[in-house]
Amino acid sequence: MANIAVARIKREFKEVVKSEEVKSFEISVELTNDTYTELKGEIAGPPDTPYEGGKYQLEIKIPETYPFNPPKVRFITKIWHPNISSVTGAICLDILKDQWAAAMTLRTVLISLQALLGAAEPDDPQDAVVAKQYKENRAMFEKTARHWAYAYAGASNRDPDLIEKLKQAVSMGFEENRARTALSTCNWDVERAAEQLLS
Amino acid sequence: MMQLADGVDVTGEFEQNIKLPFTMKTCLVMNSPEKVFSQPTVYHKSNVSECRTGESSGERAQMMEKGEPQPRTPQGELAEEPLEGYDFDFCPPLDSKYECPICLMCLRDPYQTYCGHRFCKYCIFKWLREEKHRCPVDNVLLDEQNIYPDNFAKREILGLKLKCPNYSHGCRFIIELCNLESHLQSCFYALIPCPQCCPAVLPRKDLKDHIEQSCPRRYVQCDYCFQSIFLSSKQKHLLECPFVPTQCKYCDILLTREKLKKHIRTECQKAIVKCRFYEFGCKTEVRRSCIDEHEEQQSQQHLWLLCGAVKELYRLLYTIVPQGVSPLPSLGAPASAPPVLTHTDLQLDDQLTSLNLSDDSSLNALPSSDFTNDLPALKNAILQVRRLIQLHVKPINFNPESTQMMNITKIESDPTAMQSARFDSQQNAPPQEHESVLSSVQTKKLQSLQEKTAYQDERMTGQSQQLKETQAKLSSIEKKLDEYRIRTRQLESQVSEMEARSCNGNFYWVIKNYSRLRREAMSGDNTVLHSPGFYTSFHGYKLCVRLNLNGVDSAHGTHLSLFIHFMQGEFDSFLEWPFGGRITLTIMDQNEACELRQHITETLIAKPHLAAFQKPRAHRNHKGFGYMEFAPLSLIENSQYVKNDSLIIHAQVVAQ
């Protein structure tokens, strides 16, 4: 890897580790290999959002041309959010694309992502289904998002109603994750979800 | 494709914009337009080339990975070395205002954007060339014309202090960034690869010791021949060096390897040497000291061996020389041997029989039939030898009755001798004839004499060579000695000159051998004495004292006359002339009792109009100044002024 990229990531890594946000457990970052080309980040779901209490793991890949090109970031932890793919974890965020600036760092990227969780942009969606739900049935979206945070991100806010519905779907013989996705997509209508799963 | 189009567009824009200010600058400030123009030209070219090569950032990244030159910086420098910020341990820690937001290191060649952000030159240009025309910090639109070198920040940064990068190796220097390079070139802790190509990399401070003392590829001096040799080849060298003291394996004497060879070859008495007849079959090897004894004891044996050898020689000769053109036509095949030989043959047989009867040695075990079969051949050989000798001797002095001839004949025709030659392993000496013994002793003596002569000759040559060398050395030493003599004289005169200069105008002149000088003065042989020159001060006037021991002119024969003469000194050119000052002349009373001493003293004041005080035109001014009647001669000789035949005159000269 180019010298400048490594040198910078090393510095940034130190910066993140020392930052206030790490101290308050809002973000963290750790190395996954010795060459500083891949890291694992983690952000806490921001308060007063459906994601509160959840911990979201991120895959961060540093390109050779860093910091002249943005790092490649993806959610490992499944999340229900208009700008994040519920299937792949891919993120639609301008600063990770054309609005990247070389002065941005791992820390600012993680904080921006955290901010994104609190301020979705449904008009520039990554996941059209989620965005549609967000726009048309905000309450259902928040319920679903909260359930996903509970199911995948370790948030404590469980919704017995949705869990019951999920159990129904599972009892019909569907795999739990698939069932959850289908239910979420169909606004937790068990029948429609079953139809979708069978089609 | 969009990116490429953007790039071209920007270049065009750039070309239009940048040329104007540079041209204006040329007209206003610079006098050499080419020089100034060269810059924007390169700038422009590099930009175009970058557009060509870097069609997409992905492609460029690939090229950099392959080691292609990175994009040029605006001034056309190749960005091969890391040109992003300084990565040092600043002390105190780097203020964040000097940190480049792109590389997060200390700004190198800082540029400032019009929006007020600073970046390393390399970083910001690289960023803008990535077709991103926004400030990396606040995203405002930005291009290369909106950024400027920030020399204020640059100066401040170059004044920042930092720990020497070799801190971890032990260097405790805190230096300013601008002095870092010069420090690193002399830093004792900088790691340097050994210049002698050994794999070691070590701090500069240890390099000298390493090169001289521990590098496996260093040069060392041979203790014996003082040659410089690689350490690794020292062992090998010591096994070959001709100057290594080596012990003689025979007599334990210690000699240099070179001399030892000669010692063993020619001198060592304990060395095992081969018998001189080794080639002829005597395989004896004895100590040199015993070789004479051996040869004496075994002379008979050796003679037989020689015989055999000669015989063999002739046999060879016989086979080589063709029958038809033989130089010895009378020597036919063994079958056609002359009748006289047949006679000898019979005698031989008789003697052999008697030998067999009388001697119980191993000879008995010999197959006599073989021996007798060989006899004709032997005889034939002897005959050939005899004829050959005759042929060779005849032209000079052929006398078949001469003792020499007789001896040879007798030895050769002695069947027992031949027998012995045939069986040289036989140890028991057969009966000897007196003549042959005599001859062998003589031959041996002759040989030893010849050897001695040869040895003496050799030594003589060596010695005469040595003599020549010594003479050459001597003459060179003499030459040097002469040089030294001259040098010594020069030094002596320099020393006396220095003494003369450092007396500070207080000059004591000791006149030894007064009585002899007085006699000479009286007789008129040498009426005047001049003292060595002296100076009034280190850079002062040079003078001398003149003394007439028998007086001059009116004082002749009655008084001692004393004068001061000015001499040409080294500093005359800047001294004031005529001389002005006071001169005191004294004849010292050398009375033992200090209180009784009555020095004769006269003080005179220089009179500027007198020729004696003008700048000397000659080595010593002809005109002096002093007293014709300085002191009555009777007073001088009847008091204590002359002691130990010495008169002491003191002159004190004080310049104004």
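# Briefing: a positive patch, loops and salt bridges

Lys262(B) is found in helix α9 of chain B (helices are DSSP runs of H or I with at least four residues, strands runs of E with at least two, both numbered from the N terminus). The relative accessibility of Lys262(B) is 40%, so this residue counts as partly exposed (buried is under 20% relative accessible area, exposed is over 50%, and partly exposed is in between, with a 1.4 Å probe and protein chains only). This is a predicted model, in which local features need pLDDT of at least 70 and side-chain atom pairs count only at pLDDT 80 or more, while totals for chains, interfaces and linings use all residues. Residues are numbered from 1 along each chain as its sequence is written, chains are lettered from A and ligands numbered from 1 in the order in which they are written, and side-chain values use heavy atoms, leaving out hydrogens and water.

**Positive patch**

- Lys261(B), Lys262(B), Arg265(B) and Arg459(B) form a positive surface patch (patches take residues with over 30% relative accessible area and no salt bridge, joining like charges within 9 Å and nonpolar side chains, namely Val, Leu, Ile, Met, Phe, Trp and Tyr, within 5 Å).
- Lys and Arg count as positive and Asp and Glu as negative, with His and the chain ends not counted; the charge is placed at NZ of Lys, CZ of Arg, CG of Asp or CD of Glu.
- Helix α9 of chain B, residues 257-267, gives the largest share of the patch, three residues.

**Chain A as a whole**

- Chain A has eight helices and four strands, in the order α-α-β-β-β-β-α-α-α-α-α-α from the N terminus on.
- Of the 199 residues in chain A, 50% are buried.
- Among the contacts in chain A with a separation of 6 or more, 52% are between residues 24 or more positions apart (a contact means heavy atoms within 4.5 Å).

**Loops of chain B**

- His117(B) sits in the loop between β1 (110-113) and β2 (118-120), and its relative accessible area of 19% makes it buried.
- Apart from neighbours within four places in sequence, the contacts of His117(B) include Tyr111(B), Cys135(B) and Asp138(B).
- Cys91(B) and Pro92(B) are joined by a cis peptide bond with omega about 5°, and Pro92(B) lies in the loop between α3 (57-65) and β1.
- Another cis peptide bond runs from Trp577(B) to Pro578(B), with omega near -10°; Pro578(B) is in the loop between β18 (559-567) and β19 (581-587).
- Asn513(B), a residue other than glycine, has a positive phi near 55° and lies in the loop between β14 (506-511) and α17 (514-523).

**Salt bridges**

- There are 24 salt bridges over all chains (a side-chain nitrogen of Lys or Arg within 4 Å of a carboxyl oxygen of Asp or Glu).
- Lys135(A) and Asp123(A) form a salt bridge with an N to O distance of 3.1 Å. Lys135(A) is in helix α4 (residues 128-136) and Asp123(A) in the loop between α3 (106-118) and α4, so the pair ties together parts 12 residues apart in sequence.
- Asp150(B) and Arg118(B) form a salt bridge, with their closest N and O atoms 2.7 Å apart. This pair links distant parts of the chain, 32 residues apart: Asp150(B) is in the loop between β3 (147-149) and α5 (151-158), and Arg118(B) is in strand β2.
- Asp150(B) is buried at 9% relative accessible area, whereas Arg118(B) is partly exposed at 24%.

Technical notes: Accessible areas come from the Shrake-Rupley method with a 1.4 Å probe; for residues, only the protein chains shown count as cover.
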